[in-house]
Each structure stands twice: as C-alpha cells, then as structure tokens.
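Open the model in your viewer and keep the selection panel at hand.

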Amino acid sequence: MANIYNNSLFRFWHYIFHDLSDPRTQNWFLLSSPVPGASILIGYHYFVHSWGPKYMEHRKPYQLKNILVVYNFLQVLLSVWIFVEGLDAAWLTKYSWKCEPVDFSESPDALRIARAVYVYFLAKLTELLDTVFFVLRKKERQVTFLHMYHHTVMPMISWGAAKYYPGGHGTLIGLINSFVHIIMYTYYLLAALLPQYQKYLWWKKYITTLQMGQFCLAFLHSSQLILHDCGYPRWSVILTLPNAIFFYFLFNDFYKNAYKDRNARKLKSSLSNEKIEANGSLSKPVTDDLENTSKITNGRIQVVKDGKED
C-alpha cells in the first residue's frame, strides 16, 4: 500500500513539475524543482524574523554604504536590461497589446523572450537582499507586512512564469515592474551615494504612486483575457486580478501612512507651535511674574528682597 502511495505521489509530482512545464526551461537552474526556490524563501524568512534580529540585538547597525551603492547600481542595470529586452524582443515589435499567446518554439525570438523571463525571476531573488540589508542596518520599521508579502509572492509568481509560461501576455507585468524598479533603485542609489542630499530627492513619494499605477495597468491588461481567448491561459486571471487588487490597497495604505498622515501630523504640530508662540507670555518663567527678583537654588525658587534670600 505504501509503495502504491509513494508511486502515486511521485507520478503526481512528476506530472506537475515536469510534464506540465515548458520543456525549454524545465532544466534551467532553480527551475527543475520547487525545492531550491522554496528553500531560499524559507531561509529568507528565518533570517528576517529570527536569526537576523537575534544576531543584531547587541550590535550596532552596519552602515554598508559601499555595498548599497554597488547593489543598487547593479539592480538599476538589471532592471534596465530586462525593460529594454522586453520592449525590443516583444512589446514594441511583435506582441499584441490585446492578447498574446506563449511561443513554445525553439526559435531565437521565442528563446530570447524565455531567457528574459528567467532573468526577471532571478532578479526577484536578488531583491531579497533589500530585506537582509534592512535587518543588518536595524531598519526594522521598514520590514512591514507589505514588504514581506511583496518579496515572498513575486519570486513565486516569476518562478511559475519562467517554468510554465515564459512569454506571452503575462510578461507585460514584468516589463512595467522593471521600469518602476529602474526609478526606485535609482533613488536608492542616489540616497546611498549622496546621503547628505537625500532630503532633496523630492520624488520619493511618487515612486509609490507609480507602483500603484502599475497594479492598475496590470489589472486592466490581465482583464482582457476574460474577453479574448488567444491561447494564453485564461485561468491565470484567478491569480493575477485579486493579487493586483490586494497589492494596490496595500501600497495605497502605505502611501497614506507614510505621506498623507505624516503631512497632517506636521501641519498639526506647526499649528500647535504657532499657538504656543502667540501665547508666549503663558510659558515665561514664573520669576518674571514676581514683583521681587528671584533665583533658583537646588530646584526651588527663592525670592530675593533687598539682596537677601528669603
């Protein structure tokens, strides 16, 4: 009985992760099985939530300036390559904006797009270092649910795309996301390279607006699969549409907390300060209201009459 169960389980595993996958990419590094990728994500969560904070508990934050400059620069280059490759190989030359199937052939154009999708997946793994650097720099406030959800789900989605559907309609999401990352990592690069000028990088908050915009575009573009059948799996909208909505509201909530509420708090604080300054007499030292000269000795007020302490 155990042998039948094990054989059935093996056949199911082989069917899901071999028979259904794209034969062109199924043996590429980290794609043949979900185990390596899942192990990376498990190790990532263990470091972020357990080992990393314990390791840093009694240590000063690492600065990592040079590492951050190099890391962000490489991320900009990687995002630029994916974006340009996606435009040149597909979306400005061959692909339909309405609906585009996956080309599973061995043609140079089809393999070029498959490689771009694969590199996009690898890029999502390298971006896990964002959180590692937060932990090492003791920036715990930035390790939010949104951050962890984003860095967990994106490697999983891109792994599935590279293994099963490396091309076609769904690649537009990666194209838009790569463009957003060009802007985002350029900001991080400048902030790391010129920290003294970080306050002048006024466009930081617009990155979040851009991120929300990408989810709106992803939702609208994916929705076309409901109306058009071009060979790309229509069932994918079950995953893409709810996820786009969820991401949008998470980023919108982040935007309100980070910028709108902060501006409201600043305005309230400014008004309070103005009120205090307008009624400055109320906050003057009590000695100003005494008819006689006074001074403070050992924490108590002593009134001085005719040069003597009372």
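**Whole chain**

Colour by secondary structure. The protein has 9 helices and 3 strands; here helices (H or I, at least four residues) and strands (E, at least two) are DSSP runs, numbered from the N terminus. Follow the chain from the N terminus: the order is α-α-α-α-α-α-α-α-α-β-β-β.

This is a predicted model, where local features need pLDDT of at least 70 and side-chain atom pairs count only at pLDDT 80 or more, while totals for chains, interfaces and linings use all residues. Residues are numbered from 1 along each chain as its sequence is written, and side-chain values use heavy atoms, with hydrogens and water left out.

**Surface and contacts**

Of the 310 residues, 39% are buried. Buried means under 20% relative accessible area, exposed over 50%, and partly exposed in between (1.4 Å probe, protein chains only).

Now turn to contacts (heavy atoms within 4.5 Å). Among those with a separation of 6 or more, 76% join residues 24 or more positions apart.

**Charged pairs**

Side chains of opposite charge can pair when their charged atoms come close. The salt bridge rule is a side-chain nitrogen of Lys or Arg within 4 Å of a carboxyl oxygen of Asp or Glu. How many salt bridges does this rule count? The count is 5.

Select Asp88 and Arg112. Their closest N and O atoms are 2.6 Å apart, and the two form a salt bridge. Asp88 sits in helix 3 (residues 65-91) and Arg112 in helix 4 (residues 108-126), so the pair ties together parts 24 residues apart in sequence. Asp88 is partly exposed at 43% relative accessibility. Arg112 is also partly exposed, at 22%.

Next, select Asp109 and Lys94. This salt bridge has its closest N and O atoms 3.8 Å apart. Asp109 is in helix 4, and Lys94 is in the loop between helix 3 and helix 4, 15 residues apart. Asp109 is partly exposed at 37%, and Lys94 is partly exposed at 45%.

Last stop: Lys124 and Glu127. They form a salt bridge with the closest N and O atoms 3.0 Å apart. Are these two residues buried or exposed? Both Lys124 and Glu127 are buried.
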